[in-house]
Amino acid sequence: NVCNAEKETAALLGRLQAGLDHPRAAQETLTKAAACQYRIGKMRDQVRRARQQIETKQSALTTQRQGLEQKHRELEEESRKLQTQSKRVAEMQKEVDLKRSTTCCELSERIEIRRNHLISALAQIYPIHTTPKGMMCIGGMPLTSMATADDEAATALGYAAHVVQLLSRLWGFQLRYKLFPVCSRSWVQEDFMDMPSLMHPLFCRRGDATERHKYLKSISLLNRDIRQLIRLRGHPVQSDSFVLSLLDFLLTC
C-alpha cells in the first residue's frame with residue numbers, strides 16, 4: 001500500500017509539473033498529492049508500529065523458547081535420573097525376590113521338617129501295631145473289627161479320631177466329616193446341604209440295635225476321612241483296608 005501511494009504521489013507530481021500552465025488543475029493535483037503524503041505518513045506509522053509489535057512478540061517468543069529449552073533440558077536430566085533409579089530399584093527388587101524365594105524355601109523346608117517331627121511324635125504317642133494274635137491296636141487299645149462294641153474299641157476309635165484330626169490340622173486339610181475326639185466318647189459330625197447336621201457316636205453299648213447302627217455309620221465316616229487324607233497326600237487307597245491299617249499307612253507314607 002505504501003509503494004502504491006508513493007507511485008500515485010509521483011504520478012501526481014509529474015502531472016503537477018506538466019500542468020503548471022493550468023492553476024486550477026495544479027491546485028487539485030497539489031491537494032491530491034497532500035492527501036497521498038498524509039496517507040503515506042499514516043501507513044508508515046502503522047508499518048512502524050507493526051514492526052515494533054512483531055519485534056516485541058519475537059523477543060517474547062525467543063524468551064519463551066529459551067525457557068522451554070531450559071525446561072526440556074531439565075526434564076531430560078530428570079528422565080535420565082529416573083531411568084537410573086528405575087534400574088537400581090529393579091536390581092533391588094530382584095535381590096529382594098531372590099532373598100524372599102530363598103527364605104520361603106528355607107521356611108518351607110523347616111516347616112516340613114517340623115511337621116514330620118510332629119507326625120513322628122504323634123505316631124509314638126499313639127503307636128499302631130499288630131499283636132501276635134493278629135489284632136491291631138492303637139495306644140495299647142485293640143480294635144478287632146467293625147462289629148466290636150465295647151469300651152476298648154471305643155477308646156481305640158477315639159484315639160484314631162484324635163490322630164486324624166491332628167493330621168488334618170498339620171497338613172492344612174479340612175475333613176469332610178468333622179471329628180470330636182473325646183477318648184472313649186468321641187463323635188463324628190455329618191453335614192447336609194438342606195437339613196441339620198447329624199452326630200454319630202464312635203461308641204456303642206452292647207445289645208442296643210439303634211445305637212449300633214449309628215456306631216457302624218460313624219466308623220464308616222471316620223474311615224472316609226482317613227481315605228480323604230491319603231488321597232490328598234497323593235497316595236492310592238486300598239479298597240479292602242480299614243481304620244487302623246489305613247491310619248498306619250497314613251502315618252508312615
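Two strands count as paired if DSSP finds at least two bridges between them. Keep that in mind as you open this predicted model, and let's start with a sheet.

Stop 1: Now zoom in on E1 and E2, whose antiparallel pairing runs over 3 bridges. Which residue in E2 stands opposite threonine 130? Click across and you will find methionine 136.

**Stop 2: the core.** Next, select Ile138, Leu167, Leu222, Ile226 and Leu247: within the largest nonpolar core, which has 36 residues, these touch the most other members. H3 provides the largest share, with 10 residues.

Stay with leucine 167 for a moment and show its neighbours. Leaving aside residues up to four places away in sequence, leucine 167 touches Ile119, Leu122, Leu229, Leu247, Leu250 and Leu251.

**Stop 3: the surface.** Finally, switch to a surface view and pick Phe192, Met195 and Leu198, a nonpolar patch with about 250 Å² of accessible area together. Methionine 195 lies in the loop that links strand E5 (187–190) and strand E6 (198–201). Why does methionine 195 count as partly exposed? Its relative accessibility is 44%, and partly exposed covers the range between under 20% (buried) and over 50% (exposed).

Definitions and conventions: Residues numbered from 1 in each chain as written. Predicted model: local features only at pLDDT ≥ 70, side-chain atom pairs only at ≥ 80, totals over all residues. Heavy atoms only, no water. Patch = residues over 30% accessible without salt bridge, like charges linked within 9 Å, V, L, I, M, F, W, Y side chains within 5 Å. Areas by Shrake-Rupley, 256 points an atom, 1.4 Å probe, with all protein chains shown as cover. Salt bridge = Lys/Arg side-chain N within 4 Å of Asp/Glu carboxyl O. Helix = DSSP H or I, 4+ residues; strand = E, 2+ residues; numbered from the N terminus. Buried < 20%, exposed > 50% of the residue type's maximum accessible area, 1.4 Å probe, protein only. Core = buried A, V, L, I, M, F, W, Y, C linked by side-chain atoms within 4.5 Å. Contact = heavy atoms within 4.5 Å.
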